[in-house]
Amino acid sequence: MPTAVNPLDFLAIDSVLSDEERDIRDTVRAFVRDRILPGVGDWFDEGRVPRELFSELGKLGVLGMHLEGYGCAGTSATAYGLACLELEAGDSGIRSLVSVQGSLAMFAIHHWGSEEQKQEWLPRMAAGDAIGCFGLTEPDSGSDPGSMRTYARRDGDDWVLRGAKMWITNGSLADVAVVWAGTDEGIRGFLVPKGTNGFTTRDIRKKISLRASTTSELIFDEVRLPASAMLPGATSLRGPLTCLSEARFGIVWGAAGAARACLEAAIDYSTTRVQFGKPIASFQIQQQKLATMALEVNRATLLALHLGRLKDAGKLVPEQVSMGKLGNVNAALDVARSARQVLGANGITLEYPVMRHLTNLETVVTYEGTADVHALVLGGALTGIDAFR
């Protein structure tokens, strides 16, 4: 008998969203359909992202959309999550662009910056007229940011910054870099504008993942900064870690979007691809794949929604974000791999979104806390024993 459920919203999750949340979701979905999907295969193939996309995303209102004031929309966390889901259904690189801009660079300034810094940067960043990046990871310091070597020393009223950051999204495009460095007073954050003497960038080439995104190395060679460049509210590692937890929340949602896009492609392909005289969707082995994929997509979306409601209620804790990031990205990888098999040889081409999502998710599972690190975070929360020490 024909099913009464919507294959793309099997658990009727849409029905528990507010009208405003659905409107925001639908607006971003339409933008992805009309602006991202027609070109993202070529951007991925060419290893680039159009710079003009930043201003378009600013007009859409998604840059720093969950922040209050300074030209930001001030939406709920759940609405921001839904936007991330739709953006990553387009491509992980596009969602990363928005996450780094809003939940890392803008959030750092909004949360830890002075009023002058907020007024100078946030309105332009919300509009997409200024691009930001977030410099924490280093060539020899990834999962252990406390071991960073980048250092800032006082010199009179100024600071002098020396070191390097690696794997920085938006790095060479950025008008301002939020850079974290050790000092004699603890780990501090600094705003380093593009063009500052001694500050250079170098793009990372030959990537086979997250190609519709700019990834760079940041190099600081005795960069002199005024005292006003320091973020006054951040005085320890808690500063950047707070920002990372904010951005990971978006990944929880984004991974569900990438998985959904793969499921959609698999359903469409299997119901139209004919072999042995009938659609391959009529074979039990393909239906089993589709059923398992649908289970993971719906479970991931429900988990993201629950964490969004907790965040809006002010009850979300970092360990819960770790569970969401670990579970949803791993689930999305499984969905993408199964979808790739459903599509057969066509699954490896950029004519379909699956292999692009699969390779992108291999980056998403690593950045902003590897799967192993998040598993250890959960293990510590469960046992009371910190495996990092």
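Modeller: Before we start, a residue is called buried under 20% relative accessible area, exposed over 50% and partly exposed in between, taking a 1.4 Å probe and protein chains only. This is a predicted model, where local features need pLDDT of at least 70, side-chain atom pairs count only at pLDDT 80 or more, and totals for chains, interfaces and linings use all residues. Residues are numbered from 1 along each chain as its sequence is written, and side-chain values use heavy atoms, with hydrogens and water left out.

Biologist: Okay, so is Phe-276 buried or exposed?

Modeller: Phe-276 counts as exposed, because its relative accessibility is 78%.

Biologist: And how many aromatic pairs are there?

Modeller: There are six aromatic pairs, where rings of Phe, Tyr and Trp (its six-membered ring) pair if their centres lie within 6.5 Å, and planes under 30 degrees apart count as stacked, over 60 as edge-to-face and the rest as tilted. One of them is the edge-to-face pair of Trp-159 and Phe-190, with 5.3 Å centre to centre and 65° between the planes.

Biologist: Where in the chain do those two sit?

Modeller: Trp-159 is in strand β3 and Phe-190 in strand β5 (residues 186-193), 31 residues apart, so the pair links distant parts of the chain; strands here are DSSP runs of E with at least two residues, numbered from the N terminus. Trp-159 counts as buried because its relative accessibility is 2%, and Phe-190 counts as buried at 1%.

Biologist: New topic: which ring does the charged end of Arg-124 sit over?

Modeller: That is the ring of Trp-121, with the charged end of Arg-124 at 4.5 Å from its centre; the rule asks for NZ of Lys or CZ of Arg within 6 Å of the ring centre and within 35 degrees of the ring normal.

Conventions: Helices (H or I, at least four residues) and strands (E, at least two) are DSSP runs, numbered from the N terminus.
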